[in-house]
Structures are given as structure tokens and as C-alpha cells.
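Subject: Structure for your review

Dear colleague,

Please find below the structure that I am handing over to you. My findings follow directly after it.

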Amino acid sequence: MKPSTSTPSVPTTPSTAPRLSREQSQARTRERLIETARQLFVANGYGGTSLRDIAEQAGFSQGAFYSNFAGKEAVLLELLRRHMEAEALQLAGLTGADGRSPEQLLAGLEAWAATLNHDADWSMLSIELQLHASRSPAFAAEYQQVWDRHRAALGGVIAALFRQLGRTPPAAPDELAAGFMALAHGLALQRVAGRPDPSGRLILLFLRGLLA
């Protein structure tokens, strides 16, 4: 009888990957749904994207979607909040440092403005947000609250500039901020692929003109 040539079995090593808690798993699902919704809203528009599209593309059931969001509007609003909170942190950094000269404040504001509309996906999303806010009163109320907080943050930077220069703004700082924000969004609507976006440069050009 020939000796057996079978390879002896090798004991398997159990996976060492930590098991996610229920909260961690839900957080991961939520992030996946948000990112998938962002991609689909940009590619197909808000109206052209269904809740089912988001869930299926993300690899989840519609039930998983509803366990995280009440509907498509909630995802769109979450995308707005995240973007505005990130910008608010940048603006807070400009006004939070004591002892900055007007030129240092302007330089910081210019660095922030240079990033406006550079994210092509966000430019598209900002248009979707405005269009949907014009059609949905309930969404418009939430949208306005987030927008007002962002306008106040930018207005605070503008007020600090005029204050340090000992000058009086030609209009309320938050009104000037609203004008600059409208300029940025208007230019996003006119954006042509392949061309540099002038939003930040023009905002600083107008601001310097007002300061002068």
C-alpha cells in the first residue's frame, strides 16, 4: 500500500479584525449612503435620483436607508451642513487669532476664497440645493437656517476687517457677505468646464475696493 500523499490540514487562524459594534456599523452604513447620494446627485441631479437608486448603489436595502434618513431631502441637507461646517471652521480660524493685522486677515480670507467652487462636485450640488429650496418650502426653511449661520460667519470676518481699519462698512457686514455668496453661486451656475473659476479672486477684488 502506498503511503498517503495528501497534504496534512493546516489549522486556520481566526480573523483578527475587530468586530464592529452596532453603532460603528450604522455609522459606516450612514457614511456610505451619504457619499453614494452625493455622487448620484452630481451625476443625475436631485430629481433624477431615487431613494432606491441610492440604497442599491450603496449596497443596502431601502430599509437601511430609512433607518438612517427620513428621505432624500435629509441626505441633501446633511451634505449642505457638512460643507458649511467645514467652511465655518476655516472662517473661525481667521477671526479667532488675536493680533492679526488687516493684511493678514485679508491674506487668510483670500486663501479661503481661492478654494470657492474649486470642487466641481460641490458647485453642482450647490445648484441642486438652490433649485430644490425654491420648490420645497419645508426644505427651504432648513436650508435657510444653515445658510444664515454661514452668512453670519463670513459677515464676522468682514466686520473685523473694517473694524481694524477704523472704517464703517457701506452696508451691514452680513448683507455684504450675502452679496459675496450670491456672486460665488452665480459664477458656479456659469461655470465652464476647463476654465479657472474666478469666484474667489472677484470676491477679494470687490472687498478690497470697499475697504479702499
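In this predicted model, helix α7 passes helix α9 in a right-handed crossing. (A crossing is right-handed if the near helix is turned clockwise from the far one by less than a right angle, and left-handed if anticlockwise; helices are DSSP runs of H or I with at least four residues, strands are runs of E with at least two, and both are numbered from the N terminus.) The axes of the two helices come within 11 Å and cross at roughly 30°, where axes are lines fitted to C-alpha atoms, for helices over the stretch in contact, and angles run from 0 to 180 degrees between N-to-C directions. On the α7 side the contact is made by Ile158, Leu161, Phe162 and Leu165, and on the α9 side by Leu207, Leu210 and Leu211; contact means heavy atoms within 4.5 Å.

As to the basis of these values, residues are numbered from 1 along each chain as its sequence is written. Local features need pLDDT of at least 70 and side-chain atom pairs count only at pLDDT 80 or more, while totals for chains, interfaces and linings use all residues; side-chain values use heavy atoms, with hydrogens and water left out.

Overall architecture

The chain contains 9 helices and 0 strands. Of its 212 residues, 37% count as buried, that is, under 20% relative accessible area, with exposed meaning over 50% and partly exposed in between (1.4 Å probe, protein chains only). The accessible surface of the chain comes to about 12600 Å², and 54% of this belongs to carbon and sulfur atoms; the areas come from the Shrake-Rupley method with a 1.4 Å probe, and for residues only the protein chains shown count as cover. Among contacts in the chain with a separation of 6 or more, 66% are accounted for by residues 24 or more positions apart.

The nonpolar core

In soluble globular proteins, nonpolar side chains tend to be buried together. The largest nonpolar core here has 50 residues, and those with the most contacts inside it are Phe41, Phe65, Leu80, Leu109, Leu154, Ile158 and Leu207. (Such a core is a set of buried Ala, Val, Leu, Ile, Met, Phe, Trp, Tyr and Cys residues joined through side-chain atoms within 4.5 Å.) At least two residues of this core are supplied by each of α1, α2 (51-58), α4, α5 (102-113), α6 (120-135), α7, α8 (173-189) and α9 (199-211). Helix α7 provides the largest share, 10 residues.

Leaving aside neighbours within four places in sequence, Phe41 is in contact with Tyr46, Thr49, Ile54, Lys72, Val75, Leu76, Leu79, Leu125 and Glu128. Thr36 is found in helix α1 and counts as buried at 2% relative accessibility. Apart from its neighbours within four places in sequence, Thr36 is in contact with Ile54, Gln57 and Ala58.

Salt bridges

Side chains of opposite charge can pair when their charged atoms come close. A search of the whole structure finds 6 salt bridges, each being a side-chain nitrogen of Lys or Arg within 4 Å of a carboxyl oxygen of Asp or Glu.

One of them joins Arg82 and Glu31, at 2.6 Å from N to O. Arg82 lies in helix α4 (residues 72-96) and Glu31 in helix α1 (residues 22-44), so the pair ties together parts that are 51 residues apart in sequence. Arg82 is partly exposed at 32% relative accessibility, as is Glu31 at 38%.

Another links Arg81 and Glu142, whose closest N and O atoms are 3.7 Å apart. Since Arg81 lies in helix α4 and Glu142 in helix α7 (residues 137-165), this pair ties together parts that are 61 residues apart in sequence.

Within helix α7, Asp148 and Arg151 lie 3 residues apart, about one turn of the helix, and their side chains meet in a salt bridge (3.3 Å, N to O). Asp148 is partly exposed at 29% relative accessibility, and Arg151 is partly exposed at 24%. Salt bridges that share partners join Arg30, Glu31, Glu78, Arg81, Arg82 and Glu142 into one network.

Surroundings of Arg151

Leaving aside its neighbours within four places in sequence, Arg151 is in contact with Asp174, Ala177, Ala178 and Met181. Arg151 and Leu176 are 25 residues apart in sequence and 9.0 Å apart in space, C-alpha to C-alpha.

With kind regards
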